[in-house]
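Here is a short briefing on charge pairs, aromatic rings and surface charge. Please look at the model before reading on.

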Amino acid sequence: MTLYIQLENGAIFQGQALGYFDKAVVGDLVVYQGMTGYDKAMTDPANQGKILVMAYPQVGAYGLNMEDKESSRPQVQGLIMRQVSDHPSHFMCEMNLHHFLTYYKTPAVAGVDTRSLVKLLREEGPLRGVITSRLLTSSKLARLLEKKGPLEERQTLEKIGGEGLRLGIWDLGLKKSSLAYFKEKGYELFLIPPTYTAEEVLDLDLDGLFMSSGPYSPKKDRSQEIKKLLGRLPLCGVGLGAQELALSLESRLEKMGAGVYSPSYPIRDLASGQIHQVNLNAQWAIRDLGPGLEALFESVEGGWVQGFSKDHGDLLGLVFDPLGQPGSGALGSLLDTWLERVEARHDNKR
């Protein structure tokens, strides 16, 4: 079946249906820059509402399985690629990309001129578009592009039993790998809905609060709630959580044009000068830090702040994912160090 990709700027691309297709889907087209990691990128909650355009020409070479996912199912609206590998090879492979997409009823388009599409998105930034089986009139396309469905989010507080620290996780779009990291520590965990107020968070009597990545743009109302928590308990934010933490501390954020969706984005450690390749999923960047914040990492290109701290490390913000998934988790020790400070404060309260 021939499928068309119609963009808000009038551009049209076409390819062949892969997996499941029932009706037209709408989303923001963004470029995923990794050679691998398509399984985790598709299932990352931070990619809700997006249509991923794969920059690397061949997708699916190592297949998929039900274990290496960042959530229970694909979060993207659709997937666009140049070429699909129908015969994957990997010792953990359970199915190819076509079967995975069909099982989860996720549309995809193969055979697309992704070189031209990626270039267009680089020049014009993220564009909304429609994957459809027939070309739409301009008026119908406009009506579809206006539709934005509600993003799924946690609705209730969930407690996961453990010992020692009482650690809160403000679930803005928590990845499975991040939750697994904290579970391995054996702490008593509280998964907190994004709608919670500062007062509701404080009522949980937590030793520390981790704010996860997520699919939203930074919200001023939530940053105001975070501001009420400053100095009350150790805080750590990753991805969107770091951006909202920075916003609460009077930092200046700016839109990053086409955004960055890469498992190997280069950043510089400002203390050592060492370059690291990290997983970055962001449309917003921190341009200027608020008073009292210390920059830890910056983008090699652009000079955007990628990590910051305050209060000798009790407050930590990392715009990238230190655990990788996909990508290197070499900077996961940053979370270990923050947790050590939380544990030290916990012990001192006894």
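R252 is partly exposed, because its relative accessible area is 41% (buried means under 20%, exposed over 50%, partly exposed in between, with a 1.4 Å probe and protein chains only). This is a predicted model: local features need pLDDT of at least 70, side-chain atom pairs count only at pLDDT 80 or more, and totals for chains, interfaces and linings use all residues. Residues are numbered from 1 along each chain as its sequence is written, and side-chain values use heavy atoms, leaving out hydrogens and water.

**Salt bridges**

- The count comes to 17 salt bridges (a side-chain nitrogen of Lys or Arg within 4 Å of a carboxyl oxygen of Asp or Glu).
- R252 pairs with E254, and their closest N and O atoms are 3.8 Å apart.
- E254 is partly exposed, with a relative accessible area of 22%.
- A network of salt bridges links R252, E254, R287 and D288.
- R128 bridges to D28, with 3.1 Å between the closest N and O atoms.
- That pair links distant parts of the chain: R128 lies in strand β9 (residues 127-132) and D28 in strand β3, 100 residues apart (strands are DSSP runs of E, at least two residues, numbered from the N terminus).
- R128 is buried, since its relative accessible area is 12%.
- D28 is partly exposed at 23%.
- E158 and R154 meet in another salt bridge, at 3.1 Å from N to O.
- E158 is partly exposed, with 33% relative accessibility.

**Aromatic rings**

- There are 6 aromatic pairs (rings of Phe, Tyr and Trp, the last by its six-membered ring, with centres within 6.5 Å; planes under 30 degrees apart are stacked, over 60 edge-to-face and the rest tilted).
- Y103 and Y104 form an edge-to-face pair, because their ring centres are 4.8 Å apart and their planes stand at 85 degrees.
- Y103 is exposed, with a relative accessible area of 56%.
- One aromatic cluster holds F100, Y103 and Y104.

**Positive surface patch**

- K23, R134, K140, R143 and K147 form a positive surface patch (residues with over 30% relative accessible area and no salt bridge, like charges being joined within 9 Å; Lys and Arg count as positive).
- K23 sits in the loop between β2 (12-19) and β3 (25-32).
- K23 counts as exposed, because its relative accessibility is 62%.

Conventions
Patches are made of residues with over 30% relative accessible area and no salt bridge: like charges are joined within 9 Å, nonpolar side chains (Val, Leu, Ile, Met, Phe, Trp, Tyr) within 5 Å. Accessible areas come from the Shrake-Rupley method with a 1.4 Å probe; for residues, only the protein chains shown count as cover. The place of a charge is taken as NZ of Lys, CZ of Arg, CG of Asp or CD of Glu. Helices (H or I, at least four residues) and strands (E, at least two) are DSSP runs, numbered from the N terminus.
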